[in-house]
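Here are my notes on this model, point by point. Please read them with the structure open.

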Amino acid sequence: MRIVGLTGGIASGKSTVSNLFKAHGIPVVDADIVARNVLKKGTGGWKKVVAAFGEDILLENGEVDRAKLGQIVFSDPGRRQLLNRLLAPFISRGILMEVLKLWIKGCSIIVLDVPLLFEAKMDRWTKPIVVVWVDPKTQLQRLMIRDGSMEQDAKSRINAQMSLDLKRSQADIVIDNTGSLEALHEQFQKVLTQITRPLTWTEFMLSRKGAFMALFSIFVGVAICKRSP
């Protein structure tokens with residue numbers, strides 16, 4: 001099984017690339033969706049976050065006001081680190097369960113769409129790592145247009161994340177999304193060819209087919225040994 005790491009930065013176009021993988025039949029485990037699920041009312045993650053940040057972050061229906069929580073953590077690095085520590089175990093467990101489900105289905109290639117891939121040390125479980133990169137000026141402009149935010153607010157959100165240049169330096173594959181959507185699609189087709197190449201022997205043995213083959217080989221070996229004088 002090949003687990004591809006996909007990451008980038010805010011307004012880099014990572015979600016667009018993630019959707020392109022889905023459109024081409026590659027299953028994607030989205031860490032943001034997992035994170036939303038672990039923050040649902042009554043879950044373990046919800047209880048931890050409410051205990052740490054107080055009930056002021058809740059909506060009338062008891063769900064977490066994600067926008068309000070986001071404002072708190074983006075303006076305070078200490079609170080942001082606290083939130084990440086509280087949710088990391090729940091998110092990691094959720095991602096693992098989603099990967100397991102896809103493994104059971106027989107998927108041989110899975111993309112992990114994780115914004116904090118490097119920060120959460122999840123890059124050690126993925127190969128190759130795809131980073132969607134954009135130059136700082138373009139990233140700032142796109143974020144301001146997307147969210148209708150002021151320049152200082154947009155800069156604060158960008159600076160709250162690991163720099164795209166640092167992520168790019170640790171990538172196996174870099175998608176430069178500074179240009180047009182057409183240019184992005186052209187790059188994606190080349191990346192898709194790399195991602196869907198035949199599995200290595202190690203990757204195959206980690207797939208469901210490989211596991212079944214190994215198990216069958218063990219049974220055959222045991223049967224032969226029993227029949228031997």
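1. A cut-off comes before the rest: buried means under 20% relative accessible area, exposed means over 50%, and partly exposed lies in between. Asp147 has 35% relative accessibility, so Asp147 counts as partly exposed. Keep in mind that this is a predicted model.

2. Asp147 has a salt-bridge partner in Arg146, with the closest N and O atoms 2.9 Å apart. Arg146 counts as exposed, at 51% relative accessibility.

3. Helix α7 holds another pair. Lys155 and Glu151 form a salt bridge, the closest N and O atoms being 3.0 Å apart. The two residues sit four residues apart in α7, about one turn of the helix. Lys155 is partly exposed at 33%, and Glu151 is partly exposed at 39%. Shared partners join the salt bridges of Arg146, Asp147 and Arg157 into one network.

4. Now the helix packing. The axes of α6 (residues 136-147) and α7 (residues 151-159) come within 9 Å and cross at roughly 115 degrees. The crossing is right-handed. Contacts involve Leu140 and Leu143 among others in α6, and residues including Ala154 and Ile158 in α7.

5. Which parts of the chain does the Lys14–Asp113 pair link? Their side chains meet in a salt bridge at 2.6 Å, N to O. Lys14 lies in helix α1 and Asp113 in strand β3, 99 residues apart. Both residues are buried.

6. Thr126 lies in the loop between β3 and β4. Its relative accessibility is 5%, so Thr126 counts as buried. Thr126 touches residues including Ile3, Val4 and Leu112.

7. Met97 belongs to helix α5 and is partly exposed at 42%.

Definitions and conventions. Residues are numbered from 1 along each chain as its sequence is written. This is a predicted model: local features need pLDDT of at least 70, side-chain atom pairs count only at pLDDT 80 or more; totals for chains, interfaces and linings use all residues. Side-chain values use heavy atoms; hydrogens and water are left out. Buried means under 20% relative accessible area, exposed over 50%, partly exposed in between (1.4 Å probe, protein chains only). Axes are lines fitted to C-alpha atoms, for helices over the stretch in contact, and angles run from 0 to 180 degrees between N-to-C directions. A crossing is left-handed if the near helix is turned anticlockwise from the far one by less than a right angle, and right-handed if clockwise. Contact means heavy atoms within 4.5 Å. A salt bridge is a side-chain nitrogen of Lys or Arg within 4 Å of a carboxyl oxygen of Asp or Glu. Lists of a residue's contacts leave out its neighbours within four places in sequence.
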